[in-house]
Amino acid sequence: MPKYYEINEAAAKRAKDMNSFSDYKPGSATSAYRQMVDKAYAIAERQKARVDPMYHDKIDALVDRYAKKLAANLNESHVIDGRVPSILIAGGSNFPVRKKEKQNAARDRNMGEYMEIEKLLDKIKSVGTGGISADDDLAVEKLEKKLAGLEELQATMKSVNAYYRKHKTLEGCPGLSFEDIGKLQSSMASDWRKDPVPYPSFLLTNNNANIRRVRQRIDDLKNRSEFVGWTFPGGEAKINEAENRLQLLFDEKPPEDQRRALKSEGFKWAPSQGAWQRQLNQNAIRAAARLDFLRPEDGQSPYQLQPFARKAEKDMSR
């Protein structure tokens with residue numbers, strides 16, 4: 001059952017009156033909003049039918065977030081449209097040009113926010129079909145399950161190699177089926193190495209690298225609360241755990257060279273948040289630390305402010 005949020009009908013009527021000669025149909029703004037929400041819920045239900053039930057709560061949360069943000073965006077749009085009449089309504093005499101320019105700028109910002117909200121629909125469509133996102137409430141659980149699988153695979157490969165080196169055959173190797181043995185023997189037969197083994201060293205090396213990478217991701221997610229924000233000349237770096245983002249909020253629009261630098265370090269402008277941001281992890285902090293204009297006024301590196309960095313330094317000094 002879709003959950004709807006309130007639409008300001010009075011603001012919608014005023015917006016219509018300020019921009020059109022036709023009368024406002026009562027309830028039309030609410031009806032249009034609900035149609036959009038209904039479509040979002042239909043997308044969510046289709047996605048839930050495709051993926052494991054463990055993802056359903058996340059899908060429900062995303063579609064509710066869409067409905068809530070959409071209502072706020074539409075209400076703001078109506079308020080903006082009701083500030084200044086169109087020139088057709090007001091006429092050219094003494095038309096408030098400056099106010100109209102401000103209104104148009106506000107409309108552009110509002111439209112940018114609307115485009116960000118619409119991206120939630122794409123996010124709903126992707127839930128449960130890609131990799132493990134840090135935004136997923138079950139991310140740690142899923143990564144730990146993945147880690148266990150990788151570690152089990154590593155142990156199996158080592159054990160099978162050890163058995164083969166000792167017995168010079170895979171016959172009777174614990175844990176291997178007849179089919180498994182056939183595949184490994186075929187792989188060894190086509191191996192160019194002088195003394196091939198069931199699992200070449202590069203497979204163990206690559207798998208071990210994956211183990212380290214997944215462990216680091218788990219550690220990053222478990223220690224997200226240890227990230228701290230800071231202030232810099234002309235703005236603030238904010239830790240937004242709810243959105244899982246490092247957000248940079250500037251008092252004024254940064255100059256072009258700074259915007260280029262932000263983009264080069266992976267930060268993106270999010271109109272809905274009014275911030276430059278990227279996913280919250282240690283790499284985000286390192287990226288910010290490479291930009292001098294984001295340093296605190298005392299010149300200290302943002303990286304050194306982080307509890308995880310201080311912990312690592314303390315561990316190394318032991």
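Strands β3 and β5 of this predicted model pair in the antiparallel sense over four bridges, and within that pairing Q247 has Q277 of β5 as its bridge partner. On the β2 side, β3 is again paired in the antiparallel sense, here over six bridges, with I239 set against L246 of β3. The hairpin that joins β2 and β3 has four residues between the strands, and in it N244 takes a positive phi near 55°. Five of the six residues of β3 are buried, so this strand is largely enclosed by the rest of the structure.

These pairings belong to an open sheet of five strands, in the order β1-β2-β3-β5-β4, with antiparallel pairing. At its edges lie β1 (230-232) and β4 (268-270), each of which pairs on one side only. On average, neighbouring strands of the sheet are turned by 30° against each other, if direction is ignored. Strands of a sheet pair through backbone hydrogen bonds, and this can happen in a parallel or an antiparallel arrangement. For β1 and β2 (residues 235-240) the sense is antiparallel, over three bridges, and T231 stands opposite E236 in β2.

Helix α10 (residues 282-289) lies across β1, β3 and β5, and runs at about 135° to β5. The loop between α10 and α11 (307-317) contains P296, which is buried, with a relative accessible area of 12%. What does P296 touch, if residues up to four places away in sequence are not counted? Its contacts are W230, T231, F232, P233, P302 and L305, and the stretch 230-232 is the edge strand β1. By contrast, the C-alpha atoms of P296 and H167 are separated by 63 Å, these two residues being 129 residues apart along the chain.

The twelve residues of α7 (residues 178-189) should span 16 Å at 1.5 Å a residue, and the end C-alpha atoms are 17 Å apart, which agrees. Which residues of α7 are buried? They are I181, L184 and M188, and because they cover an arc of only 70° around the axis, they are placed on the same side of α7. The other side of α7 carries F178, E179, K183 and A189, which are exposed.

Y4 lies in the segment before α1 (9-19) and Y33 in helix α2 (residues 28-50), so the pair ties together parts that are 29 residues apart in sequence. Y4 counts as partly exposed at 25% relative accessibility, whereas Y33 is buried, with a relative accessible area of 0%. W269 and W276 form an aromatic pair that is tilted, with 6.0 Å from centre to centre and 50° between the planes. Here W269 counts as partly exposed, at 45% relative accessibility, while W276 counts as buried, at 6%.

Definitions and conventions: Residues are numbered from 1 along each chain as its sequence is written. This is a predicted model: local features need pLDDT of at least 70, side-chain atom pairs count only at pLDDT 80 or more; totals for chains, interfaces and linings use all residues. Side-chain values use heavy atoms; hydrogens and water are left out. Two strands pair if DSSP finds at least two bridges between them. Helices (H or I, at least four residues) and strands (E, at least two) are DSSP runs, numbered from the N terminus. Axes are lines fitted to C-alpha atoms, for helices over the stretch in contact, and angles run from 0 to 180 degrees between N-to-C directions. Contact means heavy atoms within 4.5 Å. Buried means under 20% relative accessible area, exposed over 50%, partly exposed in between (1.4 Å probe, protein chains only). The expected span of a helix is 1.5 Å times one less than its number of residues. The arc is that of the directions from the helix axis to the C-beta atoms. Rings of Phe, Tyr and Trp (its six-membered ring) pair if their centres lie within 6.5 Å; planes under 30 degrees apart count as stacked, over 60 as edge-to-face and the rest as tilted.
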